[in-house]
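Please look through the sequence and the structure shown here before reading my points.

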Amino acid sequence: MSDQSTDLRETVRERYAAAAVQVTEGGTACCGPQAIEIDDNFGSTLYAPDERDALPAEAVAASLGCGNPTAVADLHEGERVLDLGSGGGIDVLLSARRVGVTGKAYGLDMTEEMLALALANQKKAGATNVEFLKGTIEAIPLPANTIDVVISNCVINLSTDKPSVFAEMFRVLAPGGRIGISDVVADDELTPAQRAERGDYVGCIAGALSFAEYRAGLEAAGFTDIELAPTHAVADGMHSAIVRATKPTTGHRPVAQAPAVEANAGSCCGGNGC
């Protein structure tokens, strides 16, 4: 990992930790050590009222996502679900309710403070089919072929090594498994520099892939049946998007990795998205 990538990850971790501490102390999450205003394009307003009401207030307050991946993934009873960048646990706890006692929901996060908040929320919710793991989304600490569905909420755009994220998702999914992701995606005509210019307008912009780059990255990892559908704008030429794809059941190998997109120092925030 380059020095720039290491610095960006540390920036994400620090801001993510600050968000967890703020929620623990009775506030709402933010994309930095200082609170910022979150509009209707991000956060808990993207969940139905009955979903928010069924969870601990702290899990809802820590939500900074750009969508609702538990709805995107169309979860079913008995499935094993992994949430990348699980934050305060809102998507893990919702997933646990959907897959029931015969299923299981894993949450993966790299920040001690947010993991502590998620564990506290799990206890308050009384969720027994949940497990939170410490680690990075570029090196998932689970065996291959053990997960039915991978979800994520506005987190993959923060990674400085997206090809590794896509490869890891493919590895842990069982044959026939699928991804159901909410993420920020850029119009194809926007250059990385132009995306970075929009980074101050709203969080989680500068590191976003374009639609073509996202598709190419998933194809390089081996995914098929790829769908990318914008849902709402979060900045000029930047969209919250639904991303779906499937791991083939047999006979398909990943192609050579797509070129990595250069990380931009404008990347911001972390945790359960932005």
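The points below go from the sheet to one of its residues and then to the salt bridges.

1. This is a predicted model, in which local features need pLDDT of at least 70 and side-chain atom pairs count only at pLDDT 80 or more, while totals for chains, interfaces and linings use all residues. Residues are numbered from 1 along each chain as its sequence is written, and side-chain values use heavy atoms, leaving out hydrogens and water.

2. Seven strands form an open sheet with mixed pairing, in the order S3-S2-S1-S4-S5-S7-S6; helices (H or I, at least four residues) and strands (E, at least two) are DSSP runs numbered from the N terminus, and two strands pair if DSSP finds at least two bridges between them. Strand S3 (130-134) and strand S6 (224-235) are at the edges with a single partner strand each, so one side of each has no neighbour in the sheet.

3. Strand S4 and strand S5 (residues 173-186) run parallel and are joined by six bridges. Within this part of the sheet, Ile151 stands opposite Gly180 in S5.

4. Asp148 belongs to strand S4 (residues 147-153). Although Asp148 and Glu79 are 69 residues apart in sequence, their C-alpha atoms are 6.0 Å apart in space. Leaving aside neighbours within four places in sequence, Asp148 has contacts (heavy atoms within 4.5 Å) with several residues, including Gly78, Arg80 and Leu173. A polar atom of the Asp148 side chain lies 2.8 Å from the backbone nitrogen of Arg80.

5. The structure holds eight salt bridges, each being a side-chain nitrogen of Lys or Arg within 4 Å of a carboxyl oxygen of Asp or Glu. In one of them, the side chains of Arg195 and Glu213 meet at 3.0 Å, N to O. Arg195 lies in helix H8 (residues 192-197) and Glu213 in helix H9 (residues 211-221), so the pair ties together parts that are 18 residues apart in sequence. Arg195 is buried, with a relative accessible area of 2%, whereas Glu213 is partly exposed at 26%; buried means under 20% relative accessible area, exposed over 50%, and partly exposed in between (1.4 Å probe, protein chains only).

6. Arg198 and Asp236 also meet in a salt bridge through their side chains, at 3.3 Å, N to O. This pair links distant parts of the chain, with Arg198 in the loop between H8 and H9 and Asp236 in the loop between S6 and strand S7 (238-246), 38 residues apart. Arg198 is buried at 17% relative accessible area, while Asp236 counts as exposed at 57%.

Terms used. A polar contact is a pair of N or O atoms within 3.5 Å; within protein, one must be able to donate a hydrogen and the other to accept it, and residues adjacent in sequence count only if both atoms are side-chain atoms.
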